[in-house]
Amino acid sequence: MSLSPFHLAIPVYDVALARAFYNDVFGLAEGRSSDHWVDFNFFGHQLVIHEHPKTPGQESAHTNPVDGHNVPVPHFGVILEWDEWEALAERLKSRHTDFVIEPYIRFKGEVGEQATMFLLDPCGNALEFKAFKDKRQIFAT
């Protein structure tokens, strides 16, 4: 499956803090920037953080129950290769990341087996990182 890179612009109320987070935690390369926004290479996609006053969703995230977990809504993220997800999970754990949902495997040993984890950036934007044992299952019904 060939995918086109997506472009996502998100609000951050502290550009310097968010910039440091995306640089330090994920090691993302920066593109263009100004005092009010920064482009990042987010695993091959264009993520832009834009200065914006704190939103109600950043104050207190809404959640929906999924698999016995409270999944923050809205959220965004990326689907990684399985070994990339495992390496990221270990990196985040070693940094003592405060997860919204700790890294775990859903549907272990079943069709649709996937790894997932959720965390917040310092401005309250929820991120999910996933991996599928069989990528053909990404859009399975």
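I shall discuss the annotated domain, then a lysine, and finally the aromatic rings.

Please bear in mind that this is a predicted model. According to the unreviewed UniProt entry, residues 4-132 carry the annotation "domain: VOC". That span is 47% strand and 21% helix, and its end C-alpha atoms lie 19 Å apart.

Let me turn to K130, which belongs to strand β10, residues 126-132. Which side chain of opposite charge is nearest to K130? It is E128, at 4.2 Å. A salt bridge requires a distance within 4 Å, so K130, although buried, has none. The side chain of K130 does make a polar contact of 3.2 Å with the side chain of Q114. Beyond its neighbours within four places in sequence, K130 is in contact with V78, I79, L80, W85, Q114, A115 and T116.

I now come to the aromatic rings. The model contains 10 aromatic pairs. One of them joins F43 and F129, with 5.9 Å from centre to centre and 65 degrees between the planes. Why is this pair classed as edge-to-face? Planes over 60 degrees apart count as edge-to-face, and therefore the angle of 65 degrees places the pair in that class. The two residues are 86 apart in the chain: F43 sits in the loop between β3 and β4, whereas F129 lies in strand β10. F43 is partly exposed, with a relative accessible area of 32%, while F129 is buried at 0%. Both residues belong to one aromatic cluster, together with F21, Y22, F26, F40, F42 and F76.

Thank you for your attention.

Key:
Residues are numbered from 1 along each chain as its sequence is written. This is a predicted model: local features need pLDDT of at least 70, side-chain atom pairs count only at pLDDT 80 or more; totals for chains, interfaces and linings use all residues. Side-chain values use heavy atoms; hydrogens and water are left out. UniProt positions are given in the numbering used here, feature names are shortened, and annotations may be inferred rather than shown by experiment. Helices (H or I, at least four residues) and strands (E, at least two) are DSSP runs, numbered from the N terminus. Buried means under 20% relative accessible area, exposed over 50%, partly exposed in between (1.4 Å probe, protein chains only). Lys and Arg count as positive and Asp and Glu as negative; His and the chain ends are not counted. A polar contact is a pair of N or O atoms within 3.5 Å; within protein, one must be able to donate a hydrogen and the other to accept it, and residues adjacent in sequence count only if both atoms are side-chain atoms. Contact means heavy atoms within 4.5 Å. Rings of Phe, Tyr and Trp (its six-membered ring) pair if their centres lie within 6.5 Å; planes under 30 degrees apart count as stacked, over 60 as edge-to-face and the rest as tilted.
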